[in-house]
Amino acid sequence: MDDSARNITTPPKRRFEIPYKTSKIIWGVIFLMPWMIGFVTLFAWPLFESLRYSFYELTPTAGEITEEFIGFGNYIFAFNEHVTSNSSFQVELINTTVDALINLPVLLIFSLFIAVMLNMKFRGRAVVRAIFFIPVILNSAAVTTALGGGDAIAALLEEQGIEQIFDLEFYLVQTGMTPILIGFIVGLIDRIYAILSLAGVPILLFLASIQSVPKHLYEAAKIEGATGYETFWLITLPNVSPHIVTVTVYALVDTFLTSSVSNIISGELNRQNWGLSSAMAWVYVSTIIGILALLAVLAKSFKIGGSHYEE
Amino acid sequence: MKSNDLMQKWNGYVEQAKENWNDPRNMLVRKKKFQTVAMTILRTVLLFGLCFVILFPTIQQLSMALRAPEDVNNPAVIWIPENWSLMNLRIAAVVLDYGKAAVNTFRLSAISMLLQLASTALAGYAFSRLKFKGSNILFLLVILTIVIPPQALSLAQYFYFRNLDLLGNEASIYLMSGLGMGIRSGIFIYIFRQFFRGLPKELEESAIIDGAGVFRTFWSVMLPNARGALVTVGLFAFVWQWNDAYYVKIFEVSTVEFPLLTMRLINAAEGMYQALFYTGGLDLIGQDVWENPLFLALISNVAALLMMLPLLIMYLFVQKQFVESIERTGIVG
C-alpha cells in the first residue's frame, strides 16, 4: 500500500526528460522564431541596405539597377536643393519637428484628461467610450485624400471661386453668424478633430494604465478626505507616469508618420529617386531618435517614468 | 399670547435651520454635492461636445450621400435630403468597383490580422514569460522597429520582394504580417508583453502542477485569459490593414484583378472624372449633373464613406467587447 502511493506521486523517470526550465528556454526561442526571422530579413537587412543606398545614386535601367557612389551627395541635395511644388524637405522637416514638440505636451495632457474623464462613472459611459475610438478607425490617408477631393477637383473648385463646400463653414454661413465667430468655431473644431484622431491610442493606453492603479489607494484617499483634484495629482498621475514614456514614444512616431515629411519621402520613393529617398529617410530617423534621446534625458532629470510600484 | 408662542416656535425652527446650515459637517456635504453637480455638468458638456465633433463629419456625409445628385448645391437642402436617392451611392460603388474591392480588402485584412495576432502574441508571450539570456536586448530591438519609419525600409523590401517575384501579390503583405514586421507589429508585441506580464504567476504554476507543458500552458491557460489583448490587437490590426495605402502601393498589391478599396479610392479622388468615365458611372446621370465640379467632389466623399462603412458596422459589433477589454483587465500591466 505504501508502495502504490509512492508510485502515484513520483512517476517513473523517463530517460530523456527535459527540465521545465530548459524547455521554457527552448519554447521561448521557438515562439520568437518568426519574429527573429522577420527582424533579420525584413528589418535589419533592409535598414542596412537603405543606409548603403543613401550614399549611392540608383538609376533603374532595363532589368538592372546601376549604382554609382556619390558620398554625401544625396544628403546635401536633400538639405540644400530639394524642392516640391510648394515647399521643400528642409522646411517641412523643421516645421514637423517644431510642430511635434509643441503638439506633444498638448496631446499628452489632452489624452490624459479625457482618459481620466472616461474612467469616471456616469450614465452612457460605454457609448461615449465607443464614440471616442471612432477617429482611430476612420483615420486613413486614403479617406483624407478623398475628403480633400483630390488636387484636380480642388483646382476646379478654386477656379469657380468655391473653396470648401463640404464643411461646417458652409452651414454656419447659412445660419447667418458673423464671419469672425464662424472662423473661430471652424478652426477649433478642425484642430480638435485632428488632435482626437491622433489621441485615440494614447487615450486607450492611459485608460488602461489608470485601470491598473490599485483600487485600495483610491479608497484610502477617499477615507482621508482627499478631493478629486488631490486624488488626481497624488495618486493617478504618479501611477500613470511610467506609461507617459510609452505614450510619448507612440505619439511622437505617429505624428512623424502622418507628417508631410513622410509624404515627401514616399513621393520621392514613388518617383524612383531611390538614393535620395533613402537619405531623407535616414535624416528623418536620426531626427526622431534625436528627439527621443532629448526626451529621455529630460524624463530622467525630472524623474518621470520611474515608479515605486513597478516590480 | 398665542401668536407670541407661534413666533417663538418659528424662531426656534429658524435657529435650528441656521445651525444645521452652518454645521461644518453639513457644509462639507453641501460643498461636495455642489462639486459633484458642477463636475457632472462640465463633463457632460465637454464629452457631448467632443462626441458631436467626432460624429459630425460622418453624419454629414451620410446626409450628403442620400440626396439626389441634382441637389448637390441646392441651398435649401441642409440636413434632411429633399429628394431621397441612392444614386450617389450607386455611382460611388461603380467607381470603387465596390463589391470586388470590399471582398478583397476584407480578405487581405482578415488574413493579415490573423497572422499578426499569431506572430505578435507568440513574441509577446516569449518576451514576458519565457525569458532567456539576451531576451531583454531583443526586446530593445522591438522598440527599435516601432521607432524606425517604414520609409527607411520599404525600398530594400521592394527589391527583396521583386527578387522573390512577390510584387503585385498579396502574399507579400502576409509574409510581413506573419513574420511580425507588418503594420506597427512592434506595438502589438509591446501590448501583448505588457498583458501577459500582468497575468498572475499562479496560473502558470497550477498549469505546471497539472502536468501541462510550456506550449499547453500558453495555448489553453494563458491565451484564453488574454482575450482583452486579443480583441484590442485584432481590431487595430484589421483596421490599420484596411486603411493602409502605403504598403499596398509600394508592393503594388492592388491590381485590376485584385482591386483594393484604399487604392481605388485614392485613384478615384485624384481623377474623378476619368474614373467616372472609365467605369461607366457617367451613364447613370445626365450631363448637366456631371459637369458640376461639386458633384465630382460629392462622389469622392461618398466613396470615402463607402470605404469606411464596413469598418463602422464591424465596430458596432466589436465595440462592446473592445471597451470591456480595456475595462476588465487593462492592457498595460
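A residue is buried if 20 or more other C-beta atoms lie within 10 Å of its own, with C-beta atoms placed from the backbone. By that criterion, buried residues make up 43% of the 333 residues in chain B. The model is a predicted one.

**Chain B as a whole**

- Chain B contains 16 helices and zero strands.
- Among the contacts in chain B with a separation of 6 or more, 77% are between residues 24 or more positions apart.

**Chain A as a whole**

- Chain A has 14 helices and two strands.
- Of the 311 residues in chain A, 31% are buried.
- In chain A, residues 24 or more positions apart account for 71% of the contacts with a separation of 6 or more.

**Where the two chains meet**

- On the chain B side, 74 residues are in contact with 83 residues of chain A.
- Helix α16 of chain B, residues 293–328, supplies the largest share of the side of chain B that touches chain A, namely 16 residues.
- The side of chain B that touches chain A consists, by class, of 52 nonpolar, 18 polar and four charged residues.

**Helices α5 and α8 of chain B**

- Helix α5 of chain B spans residues 135–147 and helix α8 of chain B spans residues 185–198; their axes come within 7 Å and cross at roughly 140°.
- Angles over 145 degrees count as roughly antiparallel and those from 65 to 115 as roughly perpendicular; α5(B) and α8(B) are therefore oblique to each other.
- The crossing in which α5(B) passes α8(B) is left-handed.
- From α5(B), the contact is made by V142(B), T145(B) and I146(B), and from α8(B) by G186(B), I187(B), I189(B) and Y190(B).
- Divided by class, the residues of this contact of α5(B) with α8(B) are five nonpolar, two polar and no charged.

**Helix α11 of chain B**

- Helix α11 of chain B covers residues 227–243, which is 17 residues.
- From its first C-alpha to its last, α11(B) reaches 24 Å, close to the 24 Å expected at 1.5 Å a residue.
- Because 14 of the 17 residues of α11(B) are buried, this helix is largely enclosed by the rest of the structure.

Conventions. Residues numbered from 1 in each chain as written. Chains lettered and ligands numbered in written order. Predicted model: local features only at pLDDT ≥ 70, side-chain atom pairs only at ≥ 80, totals over all residues. Axes fitted to C-alpha atoms, helices over the stretch in contact; angles between N-to-C directions. Helix = DSSP H or I, 4+ residues; strand = E, 2+ residues; numbered from the N terminus. Parallel < 35°, antiparallel > 145°, perpendicular 65-115°, else oblique. Left-handed = near helix turned anticlockwise from the far one by under 90°. Contact = placed C-beta atoms within 7 Å. Nonpolar A, V, L, I, M, F, W, Y, C, P; charged D, E, K, R; others polar. Expected span 1.5 Å × (residues − 1). Buried ≥ 20, exposed ≤ 12 C-beta atoms within 10 Å, placed from the backbone.
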